[in-house]
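Here is a short tour of the fold, written to be read with the model open beside you.

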Amino acid sequence: LTDPSSAVKTGKLLGAKALITGRIIASGDSVILVAKVISTETSRVFGEMVTVPTDGSFEKPITELAGKVEKLLADQAVAFNPPVESKEEKIARLKSLVANKKLPSVQIHIEERDLSLRPIDPAMQTEFELILSTLGFEVISFKNPAKAPDVSISGEAFSQTGARHGQLVSARARAEVQAIRRSDNKVLDTDRETATAIDTAEAIAGKSALQDAAFKLIERMVPKLVNQ
């Protein structure tokens, strides 16, 4: 928790935007209370401190330090919670990218598994089919061998339950996918992604992590499919 290099991973696992740690340092006739505030979004580290006489009460300085930390969180709000493009905004951006373009037909087949649960629904494949269809791609079912797609997207993905905190459970997912042009078997894109999700239900957390990883992959893959 106190290592900034691991704070981002820890924060995403916990769903926290900031991690606050502290130290008490003896210095001569006084004691220094130090609070370190780490942004899990940007890895930036901030600090605040107060000094307490050795024979003084800690109650007022602690309240003062808490106030300083509260003000710091407010003043540096962007560092702890930077503006994030919504999924709807991302889809709209991708739609403008593919507008008036000749899009290839695609076929998706991604093997998915959850290392903690059986069975698992194809969350990642569903996300690929849904988003690409929304963008205007013709999606051909891999169960229909009668029609060959222009591009075949295949891969593997898995999710696994992580830490539990009270009623919340986290899950991690990793996926590896490849897009191949069927006419000449040229590899158009090879990519991989990891994602974390938190929910009160273990299975939903795993599916959400797979879905989030899928969308990140789609964002990067669509420009390559358009320009293939």
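Two strands count as paired if DSSP finds at least two bridges between them. With that in hand, S1 and S2 form a hairpin with two residues between them. Please keep in mind that this is a predicted model.

- Strand S1 covers residues 18-27, and ten bridges join it to S2 in an antiparallel arrangement.
- Strand S2 (residues 30-39) is mostly covered, with eight of its ten residues buried.

**The four-stranded sheet**

- An open sheet is built from four strands in the order S4-S5-S6-S7, and its pairing is mixed.
- Its edge strands are S4 (106-114) and S7, each of which pairs on one side only.
- On average, neighbouring strands of this sheet are turned by 15° against each other, ignoring direction.
- Strand S5 (residues 151-165) runs antiparallel to S6 and is joined to it by 13 bridges.
- Strand S6 (residues 168-181) also pairs with strand S7 (residues 186-199), in the antiparallel sense and over 13 bridges.
- Arginine 174 of S6 is a handy landmark: it is the bridge partner of phenylalanine 158, and its own bridge partner in S7 is threonine 194.
- S6 and S7 form a hairpin with four residues between them; asparagine 185, in the turn, has a positive phi of about 60°.

- Helix H5 lies across S4, S5 and S6, and runs at about 155° to S4.
- Helix H6 packs on the sheet as well, touching S4, S5, S6 and S7; its direction makes about 150° with that of S7.

**Where H5 meets H6**

- H5 (residues 123-135) and H6 (residues 202-226) pack with their axes 8 Å apart, at an angle of about 40°.
- The two helices are therefore oblique to each other, and their crossing is right-handed.
- Residues of H5 in the contact include Ala123, Met124, Phe128 and Ile131, while among those of H6 are Leu210, Ala213, Leu217 and Met221.
- By type, the residues of this contact divide into 14 nonpolar, one polar and two charged.

**A closer look at glutamate 127**

- Leaving aside residues up to four places away in sequence, glutamate 127 touches Lys87, Gln211, Ala214, Phe215 and Ile218.
- Glutamate 127 and aspartate 212 are 85 residues apart in sequence, and their C-alpha atoms are 8.7 Å apart in space.

Technical notes:
Residues numbered from 1 in each chain as written. Predicted model: local features only at pLDDT ≥ 70, side-chain atom pairs only at ≥ 80, totals over all residues. Heavy atoms only, no water. Buried < 20%, exposed > 50% of the residue type's maximum accessible area, 1.4 Å probe, protein only. Axes fitted to C-alpha atoms, helices over the stretch in contact; angles between N-to-C directions. Parallel < 35°, antiparallel > 145°, perpendicular 65-115°, else oblique. Left-handed = near helix turned anticlockwise from the far one by under 90°. Contact = heavy atoms within 4.5 Å. Nonpolar A, V, L, I, M, F, W, Y, C, P; charged D, E, K, R; others polar.
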